[in-house]
Amino acid sequence: MEPPFRARIRAGDENSFRVLFQDHGRAVYNHCFRLTGDWSVAEDCVSLTFLETWRMREKVEPDGGSLLPWLLGIATNVVHHRRRTARRHRALMERMPPPGLLPDFADEVVGRLEDQERIAAVRKALDQVSRPDREVLALCVWAGLDYAATAEALGIPVGTVRSRLSRARRRLEKLALKNLEQNLEPAAARRQQTGDRHEAVRPSSGKGEGPW
């Protein structure tokens, strides 16, 4: 009888890893893209995630259901470490002299600009949410994991998942309300200015009356 799938993964069976990638590669990519907002970075993170999966294969529990929570937990750590490395790289580049002019490759990516702009807007809001809360939000809301699976992915208690998700939602609602108020303020100011002009300049009655 063929060993269970988890046992084959633990044993390093290449065919089983191929099935694992076919079944969950897209979900891992989507998760990485949502956390990074960058197509190419997400692709790199997927590759690193499955390399880490191979390296950590013996840590797979013998019993259990889908391995997706385990994969998404590894992907979350990969994104976190890559972001930290990118910050160090940016700091190093800022200390170097500015480079010369580079060729313009805009035509090659024009089809992705609108998606990138939408993701950038989402990322701007998410950047104001703490990393632990953002990771729980990505797994529960975007990846569709339940509380137990998210807790398994991140190695935290279920109660912590609930509290982080609640805090993240409250923070995003507050940011959305703040953005709405900021968008309404200019329009209100324009109405006020228009009203002031109407009060200051009164139409003439045509009877020779003075301005008062």
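**A tour of the cores and salt bridges**

Start with Arg82: this residue is partly exposed, with a relative accessible area of 30%. Here buried means under 20% relative accessible area, exposed means over 50%, and partly exposed lies in between (1.4 Å probe, protein chains only). The model is predicted, so local features need pLDDT of at least 70 and side-chain atom pairs count only at pLDDT 80 or more, while totals for chains, interfaces and linings use all residues. Residues are numbered from 1 along each chain as its sequence is written, and side-chain values use heavy atoms, with hydrogens and water left out.

A salt bridge is a side-chain nitrogen of Lys or Arg within 4 Å of a carboxyl oxygen of Asp or Glu. Helices (H or I, at least four residues) are DSSP runs, numbered from the N terminus. Asp44 is partly exposed, with a relative accessible area of 38%. The structure holds 4 salt bridges.

Next, select helix 7. Arg131 and Glu135 both lie in this helix, 4 residues apart, about one turn. They form a salt bridge, the closest N and O atoms being 2.7 Å apart. Arg131 is partly exposed at 32% relative accessible area, whereas Glu135 counts as buried at 11%.

Now pick Asp133 and Arg167. Their side chains meet in a salt bridge (2.7 Å, N to O). Asp133 lies in helix 7 and Arg167 in helix 9 (residues 158–200), so the pair ties together parts that are 34 residues apart in sequence. Asp133 counts as buried, at 4% relative accessibility. Arg167 counts as partly exposed, at 39%.

Move to the largest nonpolar core. A nonpolar core is a set of buried Ala, Val, Leu, Ile, Met, Phe, Trp, Tyr and Cys residues joined through side-chain atoms within 4.5 Å. Of the 30 residues here, Leu20, Val28 and Cys32 touch the most other members. Colour the helices that each supply at least two core residues, among them helix 2 (14–36), helix 3 (39–55) and helix 4 (68–94). Helix 4 gives the largest share, 8 residues.

Zoom in on Leu20. Leaving aside residues up to four places away in sequence, Leu20 touches Phe5, Ile9, Gly25, Phe50, Thr53, Leu67 and Leu71. Contact means heavy atoms within 4.5 Å.

Last stop: a second, separate core of 10 residues. Select Leu126, Val136, Ala151 and Val161, which are included in this core of 10 residues.
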